[in-house]
Amino acid sequence: MKKITVRDIAATTGISRSTISRVLTQSPLVAPETREKVLQALKANDYHTDGCNLNRRIAVMFSGLRAWESNFSARMTTAIYREAVRNDFIAEFLAVQELPRLPGQYYAGGISWAAEAELSDFWRRNFNTPLIRIGALRRIGDDNIGSIQIDVGTAVAEAVKYLAELKHQKIAYISELDLAAEKAVYSLRYQGFAGAQGNDSDRWFAGKPNRDKLAELLKQGVTAMIVVSSSEYGITVYSMLKEVVRRRKFPALVTYEMEKISPLLTPRPLLIRMDYAGYVAEAMKMLAAMLKGAPADTVRMPARFVL
C-alpha cells in the first residue's frame, strides 16, 4: 500500500504543502476552517508521522477570548505548544463559544482553562474522552475528568497579612462577582481573604466596583485593595483609582500580574503571580497518563504573592 505524503494531501485538498506543514507543526497561523479541512483529510487518509498522530489531537479550550487574544498569550501558548510537542499531542485552540461546532469531530482529549462547568457536561455527552480542567476549584465525580486546582487563596492570605504588617486596617476585596457568587464559585481565594481578615471581611467586599464605589471605599477609610478575577480587571480597577484618588493617597493595590504592563505602573501594585507553564505541564502530564488508562486526578498548584 502506497504511503500517503504531504504532496498527496495537498493534491486532494487543494491546500498548499506549506500550509499543511503548518498544521502538522501546530502553527497558530492557519485559519480554523483550513486547519479543520486539512485534519479531516489527514484522518481520512490515515496519515500520521512520529510527531503527528491524529489519535493525539486535543482541544484546548478557553472561556471567552482565544488564548492569543488575552494578556497571558505569550506564556500560555508557548507552554501549551511546548508541552504538546513533548507529549506528542496536536493542540487545537478553541473559544468556548465555538463548542457548538465540535460535535462530529474527533479529539483524543481536551484541556480547558477557566471554562464554565457546563463544558464538562458538554464534553461528556459529545466526546467521552479525557478532559483536564485547569483552574477548576471542584473535583467532578467522573473518572474521565481531571482537575488542576489553582490555589490563589494562600497567595491572597499572604497579601492580607503583609498589608496588615504595614498597618493597613481596612482592606477591600474586589471581584467581578457579587459576594454570594464569589464565596460559592471561588471559595479558595475568598477564604484566603476572609481567614486573614477575620469576622469583618464581608464589610469590605466590593463586587464589580465603579468609580463611585471605589471613591466611597476610600471615604470609608479603606487604604488597601486586593483585586481578583483577572489581571485585565486589575488594570481596569487601577485606571479607575487613578481617576478618583486625586489628592488622596493612592491605596496599596494587590492584583494578578500582567506581564509587560504591571512593571510600568506607578505607583507599582503588589502582585499575585500565576505559574501558567507549570499548570499546563501538569495538565498535559495528567492527560497523557489518562490516555494510557490512568484514572482522573485532582492536583492543587499554587499561585504566588510577590513583592
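Predicted model: local features only at pLDDT ≥ 70, side-chain atom pairs only at ≥ 80, totals over all residues.
**Strand β2**

Which way does β2 pair with strand β1? I found that β1 (residues 57-62) and β2 run in the parallel sense, over 6 bridges. I looked up one partner: Ile58 is bridged to Ala91 in β2.

**Arg57**

My next stop was Arg57, which has its place in strand β1. Is Arg57 buried or exposed? Its relative accessibility is 5%, so I wrote down buried, the cut-off being under 20%. Its side chain makes a polar contact of 2.6 Å with the side chain of Glu36. I also checked Gly110: Arg57 and Gly110 are 53 residues apart in sequence, yet their C-alpha atoms are 8.7 Å apart in space.

**Helix α6**

I then moved to α6, residues 152-165. Its 14 residues reach 20 Å from the first C-alpha to the last, close to the 20 Å expected at 1.5 Å a residue. Among the buried residues here I listed Val152, Gly153, Val156, Ala159, Val160 and Leu163. At the start of α6, I saw a side-chain oxygen of Asp151 reaching to within 3.2 Å of the backbone nitrogen of Gly153. After the helix comes Lys167, with a positive phi near 75°.

**The cores**

How many residues does the largest nonpolar core have? I noted 50, and Ile80, Ile226 and Tyr279 have the most contacts inside it. Helix α11 (residues 276-291) gives the most to this core, with 9 residues.

I followed Ile226 and left aside its neighbours within four places in sequence. Its contacts include Val156, Ala159, Val160 and Leu163, and also Tyr173, Phe193 and Val254. A second, separate core has 23 residues, including Leu217, Val227, Val244 and Met258.

**Salt bridges**

I ended with charges. Side chains of opposite charge can pair when their charged atoms come close. The structure holds 6 salt bridges, and I looked at some of them.

- Arg86 pairs with Glu83, the closest N and O atoms being 3.0 Å apart. Both are in helix α4 (residues 73-86), 3 residues apart, so about one helical turn separates them. I noted that Arg86 is exposed at 58% relative accessible area, whereas Glu83 is buried at 6%.
- Arg300 pairs with Asp151, at 3.4 Å between the closest N and O atoms. Arg300 lies in strand β11 (residues 298-302) and Asp151 in strand β5 (residues 145-151), so the pair ties together parts that are 149 residues apart in sequence. Asp151 is buried, with a relative accessible area of 10%.
- Glu257 pairs with Arg273, with the closest N and O atoms 2.8 Å apart. Glu257 is in the loop between β9 (252-256) and β10 (270-273), and Arg273 is in β10, so this pair links parts 16 residues apart in sequence. I put Glu257 down as buried at 13% relative accessibility and Arg273 as partly exposed at 30%.

Key. Residues numbered from 1 in each chain as written. Heavy atoms only, no water. Helix = DSSP H or I, 4+ residues; strand = E, 2+ residues; numbered from the N terminus. Expected span 1.5 Å × (residues − 1). Buried < 20%, exposed > 50% of the residue type's maximum accessible area, 1.4 Å probe, protein only. Polar contact = N/O pair within 3.5 Å; in protein donor to acceptor, adjacent residues only side chain to side chain. Pairing = 2+ DSSP bridges. Core = buried A, V, L, I, M, F, W, Y, C linked by side-chain atoms within 4.5 Å. Contact = heavy atoms within 4.5 Å. Salt bridge = Lys/Arg side-chain N within 4 Å of Asp/Glu carboxyl O.
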